[in-house]
Amino acid sequence: MNFFPAAANYGAAWCMVLSRYFPSILWGLAIAIGLTLVSAWLVAWLWNWTIPGLFKLPALTFWQAFRLQVIAALLLGGLRTLPFVSGPNVAEVGSNGSDPQLRLSEVNEILLEAERTERAADAHLKESLRLLAILQPAIPGGTAPGP
């Protein structure tokens with residue numbers, strides 16, 4: 001007697017999904033591990049080629065370079081900076097992953113509005129100074145500004 005027929009169907013569906021996508025999952029995992037190891041080797045090679053000669057620091061082993069890469073990824077932006085991680089946060093250019101041209105036009109609009117505001121503020125300041133120059137002689141003890 002089966003008390004959970006839905007669970008039995010769910011298990012069968014899950015097994016079908018796993019059997020269909022398991023090779024892709026394994027290939028993806030193998031590629032991710034391969035990219036991580038190659039990038040760690042690249043960090044070690046670049047470090048050992050450059051840093052000891054410039055700063056007289058010791059050379060790195062492969063595993064030290066791997067740990068250094070993980071630490072840098074965690075400090076500089078989470079795991080998004082590791083080569084095997086992808087997702088919506090990595091591909092974003094502007095806010096909400098918008099087109100760079102669209103973001104550039106938005107920035108240009110903001111700059112133009114700031115320039116218009118600055119010009120309006122300058123005009124208000126000049127008008128205020130002109131009115132002050134007119135009204136200052138009328139104030140007791142006030143003197144007109146010089147030329």
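Helices (H or I, at least four residues) and strands (E, at least two) are taken as DSSP runs and numbered from the N terminus. The structure is a predicted model, in which local features need pLDDT of at least 70 and side-chain atom pairs count only at pLDDT 80 or more, while totals for chains, interfaces and linings use all residues. Residues are numbered from 1 along each chain as its sequence is written, and side-chain values use heavy atoms, with hydrogens and water left out.

The protein chain holds four helices and zero strands. From the N terminus on, its elements run α-α-α-α. Of the 147 residues of the protein chain, 9% count as buried. Here buried means under 20% relative accessible area, exposed means over 50%, and partly exposed lies in between (1.4 Å probe, protein chains only).

The loop between helix 1 and helix 2 contains K56. K56 is not a glycine, yet its phi is positive, at about 55°. The residue is exposed, with 69% relative accessibility.

A nonpolar patch lies on the surface. It is formed by W14, M16, V17, L18, Y21, F22, I25 and L26. Together these residues have about 790 Å² of accessible area. Areas come from the Shrake-Rupley method with a 1.4 Å probe; for residues, only the protein chains shown count as cover. Patches are made of residues with over 30% relative accessible area and no salt bridge; like charges are joined within 9 Å, and nonpolar side chains (Val, Leu, Ile, Met, Phe, Trp, Tyr) within 5 Å. F22 is partly exposed, and its relative accessible area is 44%.

Helix 2 spans residues 62-77 and has 16 residues. From its first C-alpha to its last it reaches 22 Å, close to the 22 Å expected at 1.5 Å a residue. The expected span is 1.5 Å times one less than the number of residues. Buried positions in helix 2 include A65, Q69 and A73. Seen down the axis, the buried residues of helix 2 fall within an arc of 80°, so they line one face of the helix. The arc is that of the directions from the helix axis to the C-beta atoms. W63, L74 and L75 are exposed on the other side of helix 2.

Aromatic contacts were examined next. A pair of aromatic rings is described by the distance of the centres and the angle of the planes. Rings of Phe, Tyr and Trp (its six-membered ring) pair if their centres lie within 6.5 Å; planes under 30 degrees apart count as stacked, over 60 as edge-to-face and the rest as tilted. By this rule there are four aromatic pairs. W41 and W45 form a stacked pair, 6.2 Å centre to centre, with 10° between the planes. The two residues W41 and W45 are four residues apart in helix 1, so about one helical turn separates them. W41 is partly exposed at 49% relative accessibility. W45 is also partly exposed, at 42%. In helix 2, W63 and F66 are three residues apart, again about one helical turn. W63 and F66 form an edge-to-face pair, 5.7 Å centre to centre, with 80° between the planes. F66 is partly exposed, with a relative accessible area of 23%. Ring pairs also link W41, W45 and W49 into a cluster.

Charged contacts complete the account. A salt bridge is a side-chain nitrogen of Lys or Arg within 4 Å of a carboxyl oxygen of Asp or Glu. Three salt bridges are counted by this rule. E113 bridges to R116, with the closest N and O atoms 2.9 Å apart. Both E113 and R116 lie in helix 4 (residues 100-135), three residues apart, about one turn of the helix. E113 is partly exposed, at 41% relative accessible area.

E115 forms a salt bridge with R119, and their closest N and O atoms are 2.5 Å apart. E115 and R119 lie four residues apart in helix 4, about one turn of the helix. E115 is partly exposed at 35%, whereas R119 is exposed at 56%. The side chains of R130 and E127 also meet in a salt bridge, at 2.6 Å from N to O. R130 and E127 are three residues apart in helix 4, about one turn. R130 is partly exposed, with a relative accessible area of 43%. E127 is partly exposed too, at 35% relative accessibility.
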